[in-house]
Amino acid sequence: MEKKSKQTFFVTTPIYYVNDVPHIGHAYTTIIADALARHNRLAGREVFFLTGTDEHGQKIEKAAAERGITPIELADSVVTRTQNLWQALDISQDFFVRTTMPFHEKGVQEIFRRMLAKGDIYKGEYKGWYCVSDEAFLPDDAPIGKDGAKICPDCGRAAVVLAEPTYFFRLSAYQQKLLDHFEAHPDFVRPPSRMNEVASFVRGGLRDISITRTTVKWGVPVPDDPAHTIYVWFDALHNYITALGWDWNRERFEKFWPASLHLMGKDILRFHAVYWPAFLMASGFALPDCIFGHGWWLKDEAKMSKSLGNVLDPYLIINTLGPDPLRYFLLREIPIGLDGNFSHEGFIHRVNSDLANDFGNLVHRTLNMVQQYFGGTIGEPAAEEAQDAALRAAFESARTAVLAHYEDYAPAKALEELWAFIGLANKYLADNAPWKLAKDPALRGRLARVLWQAAAAIRGSSHLAAPVMPGSARRIWDLLGETRSPLDVLYADFRFDDLDPARPMKPPVPLFPRIDLKEFLAGPAAVPPAAERPAEPKKPPKETTMDIITYEEFKKLDLRVGLVLKAERVEGATRLLKLQIDLGGEQRQIVAGVAETYAPEDLVGKRFTVIANLKPAVIRGVESQGMLLAGIRDGKAFIPFFEGDIPAGSKVQ
Ligand SMILES: [Zn+2]
C-alpha cells in the first residue's frame with residue numbers, strides 16, 4: 001500500500017465538459033474527491049485537490065453556435081455555474097483548471113512536440129466512421145443502421161465517414177507495458193471488477209489512435225501545423241500535469257506527481273486507465289497510484305441524463321437543507337464503486353433516520369441537559385466508571401476502523417462504522433439516564449461525568465464526520481465551546497478527553513431538522529400543474545377584476561402540439577401520469593393530473609396542446625417540463641385532443 005506511506009495526496013476529479021450545466025453526477029464525483037481531500041489533510045498529508053472544466057472540441061463549438069454565442073462565452077457561463085455549485089457544496093479544491101488557460105494550452109503543445117520528436121506521435125491518414133456527437137471514430141464492430149450508416153455504440157446516433165490527414169499516437173506500442181503495469185499493480189484500477197474489464201480490453205489488442213482533427217477549430221492547435229487541432233481527450237487528460245505546474249511550478253509538480261487518485265464516472269474509465277497511462281509512459285512520467293471508476297446515480301432506475309430529462313438539480317436540496325445532508329447521503333448510501341438509485345423518499349428517509357434522529361437528537365439532548373442542569377458549564381465530573389471507559393474504548397476502536405475505511409476510499413463503510421458508534425453513544429445516554437441522576441443532588445458529579453462523556457463522544461464523532469460534513473462538524477464543535485475548528489485539528493492531535501468541562505457550551509440549535517416528504521417536494525421550486533393543486537376555496541368569480549392581457553403577453557406562451565410517446569402512472573400519486581411527449585425534434589417529460597380521467601394507454605399516440613416554455617417543476621419527485629391544457633370539471637381533467645395528424649411541435653395560436 002504505497003499511498004499510505006506517502007506524505008502527499010493529489011486527488012483529481014475529471015474536468016467537466018462545458019456543454020452541460022453541472023448536475024448531481026458531477027456533484028457526486030466532486031464530493032467524493034472533497035471528502036477524501038479533507039480526510040487526507042486531517043491525516044497530516046499535504047493535499048492538492050484539482051478540479052475544473054474541459055472547454056474545447058466540436059460539441060462546444062456546436063452548442064455555442066446554437067445559442068449564438070462564442071465558445072468561450074459558453075465556457076465562461078458554465079464555469080461560473082460550476083464554481084457557484086462547488087461553493088454551495090462546500091468543496092475545498094486547491095485549484096480550478098480550465099483547458100483554455102494559456103499554461104495548459106502551452107503545456108499540451110510542448111508534450112505533443114516531445115512525443116512527435118520521439119516517434120510516439122506520427123502523421124498519417126485516417127478514414128473511418130466518426131460520431132460527431134462523441135467526437136470519436138467508431139470501433140470496427142459498430143453495428144450498421146437502416147440507411148447503411150454505422151451506429152455509434154455509445155450514443156446511438158448515425159455516424160459519418162470521415163477521412164483526414166491526422167496525427168496518430170502509437171498506442172499499440174504500449175499494450176504489453178500496460179498489461180505489465182496492471183499485473184504489478186492490481187490496485188491500479190478500482191474497483192477490481194473494472195480492473196478486469198480494462199485488462200481484457202487491452203489484451204484484446206490496441207491500435208494506434210488518431211489524436212488530431214482538421215474539422216475542429218475550437219481546440220489547441222498542433223505545433224507548427226495549425227490546420228490540425230489536438231483531439232479534446234488528449235488535450236483534457238493532460239490537465240492533471242499542466243495544472244499541477246509541470247512547466248511553470250516545478251516544485252509543486254515534483255512534490256505531488258504522480259497523482260494518488262484520479263476519480264471519475266465509469267463511463268470515462270477507459271480514457272483514464274488505458275490512454276492516459278500510455279500517454280504518460282510515452283512522455284516518461286510516472287503513473288498515478290489509483291484510477292477509481294465510480295458508479296452512477298440512477299433516477300427511477302435509469303441513468304440521469306439531459307436527454308432523458310430526469311436530471312436532479314442539486315440546488316433543489318441545497319437551497320432547503322444546505323450541503324451536508326446531500327453530501328452525507330451520496331457518500332453513505334452506496335459504496336463508491338456501485339450504482340445507486342436516487343429517490344427523494346430514500347434521501348429523506350436516510351437524512352431523517354441518521355442525521356435528524358441518531359446524530360441530531362444526540363447533540364440536541366446532550367446540549368439541552370447541559371443547559372438545563374448546569375447552565376451551560378459542566379464543571380467537575382466525577383471519576384470515570386466502567387461504562388464510561390467502555391464508551392471511550394468503543395470510540396477508539398470505531399475511530400481506527402473509520403480512518404482505515406477513509407484510507408481505503410470507502411467513505412460509505414467509514415460512515416456506517418461511525419454511525420454504529422453514534423448508536424452506542426445514544427444507548428450510553430439512555431442507560432445512564434441523566435434525567436434521573438438530576439433528581440438527586442448527591443449524584444451531581446456523576447451527572448456531570450455522564451454529560452461530559454456524551455459531549456466528548458459527540459465531539460469525537462463530529463471530528464470523524466468532518467471530511468463528509470465539514471459545515472455541521474464546525475457548528476457542533478462551536479456549540480460544544482471548542483474554539484478550534486475540527487478541520488484544523490489533525491487526527492494525530494485529537495484526544496477524546498480533550499474537552500474542557502470548565503468551558504461553557506452553547507444551547508442547542510436545530511442542526512438537521514426532520515424533513516417532511518410532502519413539504520419538501522412542494523418546496524419553492526415545485527409548481528404543481530393546476531389539476532394537481534388542492535381545490536381553491538369556493539369564491540364567487542370576480543370577473544370584473546380579471547386581468548386583461550395584451551396579445552403581446554399572450555404571445556409569450558409557447559403553445560405547441562405535443563404527441564404522447566409513452567405514458568405511465570406516478571407511483572403513490574393516484575391523479576398523476578408521467579408522459580413522454582414529442583414536441584417535434586425534442587422530447588419532454590410532463591407530469592399531468594389526468595390519471596382520474598385517462599388510463600396511460602388511452603393517451604399514447606394522442607395530440608394536444610402543451611405550454612412548452614413553462615418553468616420546469618418537480619412534482620412528487622418527478623420533473624415536469626411543461627404543462628398540458630385541459631378543461632376541469634369537478635376537479636377532473638378533460639383534454640381537448642387534435643383530430644388528424646398535425647405534426648408534433650406545430651405552433652398553437
Ligand atoms: Zn456517439
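Predicted model: local features only at pLDDT ≥ 70, side-chain atom pairs only at ≥ 80, totals over all residues.
Colleague: What makes the set of 168 residues a nonpolar core?

Modeller: The term requires buried residues of nonpolar types joined through side-chain atoms within 4.5 Å. The largest set of this kind in the protein has 168 residues, and those with the most contacts inside it are Phe-169, Phe-234, Trp-257 and Phe-347. The set is therefore called a nonpolar core.

Colleague: Which residues are in contact with Phe-169, leaving aside its neighbours within four places in sequence?

Modeller: Contact calls for heavy atoms within 4.5 Å. Those in contact with Phe-169 include Met-115, Tyr-174, Ile-209, Phe-279 and Ala-282, with Asp-120 and Asp-208 also among them.

Colleague: How is the protein divided, and how far apart do the centres of domain 1 and domain 3 lie?

Modeller: Besides domain 1 and domain 2, the division gives domain 3 (530-638). The C-alpha centres of domain 1 and domain 3 lie 43 Å apart.

Colleague: Why are β19 and β23 called edge strands?

Modeller: The sheet is open and has five strands in the order β19-β18-β17-β20-β23, with antiparallel pairing. Strands β19 (587-592) and β23 (627-628) each pair on one side only, which makes them the edges.

Colleague: How do you know that β18 and β19 pair?

Modeller: Pairing requires at least two bridges. Strand β18 (residues 577-582) is joined to β19 by six bridges, and the two run antiparallel.

Colleague: In which sense do β3 and β4 pair?

Modeller: Strand β3 (residues 46-54) pairs with β4 in the parallel sense, over four bridges. Leu-50 stands opposite Phe-95 in β4.

Colleague: Which way do the side chains of β4 point, and are they buried or exposed?

Modeller: From β4 (residues 95-98), Phe-95 and Val-97 point one way, while Phe-96 and Arg-98 point the other way. In a regular strand, side chains alternate between the two faces of the sheet. Buried means under 20% relative accessible area, and all four of these residues, Arg-98 included, are buried.

Colleague: How many of the residues in the whole protein are buried?

Modeller: Buried residues make up 55% of the 653 residues. The accessible surface comes to about 29100 Å², of which 53% belongs to carbon and sulfur atoms.

Terms used. Residues numbered from 1 in each chain as written. Heavy atoms only, no water. Buried < 20%, exposed > 50% of the residue type's maximum accessible area, 1.4 Å probe, protein only. Domains from an automatic or database assignment. Areas by Shrake-Rupley, 256 points an atom, 1.4 Å probe, with all protein chains shown as cover.
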